[in-house]
Amino acid sequence: MGWIIAGAVVAVILILLMTSVKVRFDYSDPGEFRLKISWLFVTLVRIPAKTKKQKRRDKKAEKDVKSAAKGAAELEKSEDSGGGRTADPQALNESKSAAQNKPQESHNTQKAQKPEQGKSAKPPKSAKPKSQKLTLSDIFALVKLVWDSLGKPLKRLLKATRVTGFRLDISVGGDDAADAAVKFGKTNMAAGAALAFLDGCFTLKDPKFNVTCNFQSEETRTECGFTARLTVIAALAFLFWVVGRLIRNYMSRKDAAAAVDKLRK
């Protein structure tokens with residue numbers, strides 16, 4: 001019985017590791033985009049957020065404001081109906097003069113304290129000696145350490161990311177026909193190069209690429225959308241691989257180890 005339970009637990013863990021984190025992205029002019037990151041049935045990130053929660057918060061804030069205004073009105077009514085008493089004008093004048101004198105006194109005390117603080121304050125000294133400061137060679141060693149540890153795992157992680165439903169629609173416009181034609185040629189070249197770069201980094205499946213020239217419009221409109229999927233086990237393998245390469249490079253390179261030790265101190 002115990003082996004069956006253990007096997008079921010291992011099977012569930014393997015199934016969860018083989019599931020994918022899904023990223024859905026949509027963009028359209030002018031500056032409208034939607035981003036949703038989800039895993040299984042759980043939404044991790046949503047931009048923009050749902051409007052229902054915001055509406056509930058606004059309604060709650062309005063109710064709080066109305067209740068506060070109602071309470072203040074009831075308090076004023078109770079004070080007005082409390083025997084018709086009126087406040088003494090001399091007492092009101094004394095309270096106003098006392099309230100006006102308090103900020104002036106506090107301001108004078110702050111002015112009196114500022115010179116004393118300026119006299120006692122001393123410029124902070126650097127805690128690290130010159131031998132412990134990072135030099136240009138140390139920064140270069142740190143950059144090389146990070147790059148050598150992260151390069152291959154990151155390339156493998158990006159290639160393991162599957163991008164489906166990729167579409168790019170660009171409608172190029174211009175001030176006149178000649179300007180629109182020139183912009184169309186530049187946009188078509190840049191978009192083609194960008195698509196080739198993405199195809200080399202990620203795994204694109206059936207991408208749709210469409211660039212047109214609209215001679216009747218002065219504006220260029222762009223629409224883009226895709227869905228990216230990455231398995232949990234690929235992300236965990238990336239983390240373990242990066243940590244292992246980082247430890248190995250740290251142990252084998254004395255200059256990088258010295259730079260890291262300087263950062264710790």
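**Close-up views of a predicted model**

At 28% relative accessibility, R167 counts as partly exposed, and this residue opens the set of views, which are drawn from a predicted model.

**View 1. The salt bridge between R167 and E223 connects two strands.** R167 and E223 form a salt bridge whose closest N and O atoms are 3.9 Å apart. This pair links distant parts of the chain, with R167 in strand β4 and E223 in strand β7, 56 residues apart. E223 is likewise partly exposed, its relative accessible area being 37%. Both residues belong to a network of salt bridges that also includes R24 and D26.

View 2. T227 is found in strand β7, which spans residues 221–231, and because its relative accessible area of 9% falls under the 20% limit, T227 counts as buried. Its side chain makes a polar contact of 2.6 Å with the side chain of R24. When neighbours within four places in sequence are left aside, T227 is in contact with K22, V23, R24, R162, V163 and T164. Strand β1 (residues 20–28) runs antiparallel to β7 and is joined to it by nine bridges, with Y27 standing opposite C224. Strand β4 (residues 162–172) is also antiparallel to β7, through eight bridges, and here V163 stands opposite A228.

**View 3. R253 and D148 are joined by a salt bridge.** The closest N and O atoms of R253 and D148 are 2.7 Å apart in this salt bridge. R253, at 22% relative accessibility, counts as partly exposed.

View 4. Because D179 and K183 are four residues apart in helix α5 (residues 177–201), about one helical turn separates them. D179 is partly exposed, with a relative accessible area of 23%, and K183 is also partly exposed, at 34% relative accessibility.

**View 5. A nonpolar surface patch includes I5 of helix α1.** M1, I4, I5, V9 and I13 make a nonpolar surface patch of about 550 Å², and I5 is found in helix α1, which covers residues 2–18.

Technical notes. Residues numbered from 1 in each chain as written. Predicted model: local features only at pLDDT ≥ 70, side-chain atom pairs only at ≥ 80, totals over all residues. Heavy atoms only, no water. Patch = residues over 30% accessible without salt bridge, like charges linked within 9 Å, V, L, I, M, F, W, Y side chains within 5 Å. Areas by Shrake-Rupley, 256 points an atom, 1.4 Å probe, with all protein chains shown as cover. Salt bridge = Lys/Arg side-chain N within 4 Å of Asp/Glu carboxyl O. Buried < 20%, exposed > 50% of the residue type's maximum accessible area, 1.4 Å probe, protein only. Polar contact = N/O pair within 3.5 Å; in protein donor to acceptor, adjacent residues only side chain to side chain. Contact = heavy atoms within 4.5 Å. Pairing = 2+ DSSP bridges.
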